[in-house]
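Good morning, and thank you for coming.

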Amino acid sequence: MTANANDSLGQLIEQWIKPEIRNMTAYHVADAEGMIKLDAMENPYDWDEAIVESWIETLRSVHLNRYPDPGADQVKQQLRDVMRIPESQAIVLGNGSDELIQLLALAVSAPGKTLLTVEPGFAMYRQIAQVTELSFQSVALTADFELDMPELLAQIEQQQPALVFLAQPNNPTGNLFGEENLRQVIEAAPGLVVIDEAYTPFTDADYLPLLEEYNNVLVMRTLSKAGLAGLRLGLLVGNPRWIAELEKIRLPYNIGVLTQASAEFALKHYEVLRQQTALIRDERANLYKDLSAIAELKVWQSEANFILFRTQPGQARAVFDGLREKHILIRCLDGAHPLLKDCLRVTVGSAAENEAFLKELKAVL
Ligand SMILES: *Cc1c(COP(=O)(O)O)cnc(C)c1O
């Protein structure tokens, strides 16, 4: 292309792409080639060979020439069984729960409407609010990452948010905010409160029962953190009347035949994932104990499959880079939010991965 043509292309883009989008940066995913990957809350364990064989066998009967079951009813029924979702509640599926956040935002978006959450929190809420032209508002957590209830209730009163998102446990802090506080938020909120239970395999907390009590709550879950991040399957659970509205804007075939067949297979063998996540919970306790024993670090307890910790002042980036040089990829959160100063987040890996991480961490400190 000539320089001139390039210029006019720039002009075209400037003319037609909305400034909100031109000014955004695309979600950055670190290159993990050849790394021990402890940055993205993935389950480190593969399926054994026999299960892989049997999965591939089930894919033989999938018809790629046909559109998928638009409702994915079989998958939904299995999710109901595995997650004990009561018959009184309906389910809408998304291509990961990220798509469900987008669906919710699209459903309520109009000039002046607000999405409210807490920070540090899950970055996607802000990103999706920006794209859907919702006003994004957040309330800072306290220094120990609890809800600042007076401020949060004041902001709910002032902003009258269409949507409130609270992840339980919270990402990247790993903690729960407490049921009493959640109830106060739900009772104060004029619109929907979405409890994002992405880390449900790693905690005993379960807020599905709140759906029976309040008519402005939805619970969002995903199979990603349980061990199917590559599958991209999320679910939103709630009153059938809310879900019916969201079904109207869901693209009809958002869950493909390969995803449906693989999800059906994986949910049939959910016991395998349950054993793996139980192992990760044990490993989390070991990793927490070992990290806490390192005098230079402050470590936070976690109900999820990651642990947040703080280095000595100004050291986080150097520790992150030192680990990366040793082919260990974690997440540097220093700079992401004032409360995350000097903070790093490590995903709980296999025993061997955690051991390698600890060894190199001690070497770079
Ligand atoms: C990982 C994560 C999700 C996204 O999950 P996907 O289903 O993979 O899109 C949602 N919410 C929180 C808090 C997460 O950490």
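This is a predicted model: local features need pLDDT of at least 70, side-chain atom pairs count only at pLDDT 80 or more; totals for chains, interfaces and linings use all residues.

Residues are numbered from 1 along each chain as its sequence is written, and side-chain values use heavy atoms, with hydrogens and water left out.

The protein chain has 15 helices and 13 strands; these are DSSP runs numbered from the N terminus, with helices being H or I of at least four residues and strands being E of at least two. Its radius of gyration is 22 Å, close to the 21 Å from the globule rule for 365 residues, so the chain is as compact as a globular protein of that length. That radius is taken over C-alpha atoms, and the rule is 2.2 Å times the number of residues to the power 0.38. Along the principal axes, the C-alpha atoms fill a box of roughly 65 × 55 × 55 Å.

I turn now to the ligand. Which residues are closest to the ligand? They are D196, Y199, T222, S224 and K225, out of 13 that surround it; a residue counts as near if one of its heavy atoms lies within 4 Å. D196 places a polar side-chain atom 2.5 Å from a nitrogen atom of the ligand. For Y199, a side-chain N or O atom is 2.6 Å from an oxygen atom of the ligand, and for S224 a side-chain N or O atom is likewise 2.6 Å from a ligand oxygen. Taken alone, the ligand exposes 380 Å², of which the protein buries 94%; these areas come from the Shrake-Rupley method with a 1.4 Å probe, and for residues only the protein chains shown count as cover.

Two elements, α5 (97-108) and α10 (224-228), each give two or more residues to the shell around the ligand.

Lastly, the backbone. Most residues other than glycine have a negative phi, and most peptide bonds are trans. Where does P169 lie? P169 is in the loop between β5 (163-167) and α8 (179-188), and a cis peptide bond joins Q168 to P169, with omega about -10 degrees. P172 lies in the loop between β5 and α8, and the bond from N171 to P172 is cis, with omega near 15 degrees. M41, in the loop between β1 (36-37) and α3 (49-59), has a positive phi, near 60 degrees.

How values were computed
A polar contact is a pair of N or O atoms within 3.5 Å; within protein, one must be able to donate a hydrogen and the other to accept it, and residues adjacent in sequence count only if both atoms are side-chain atoms.
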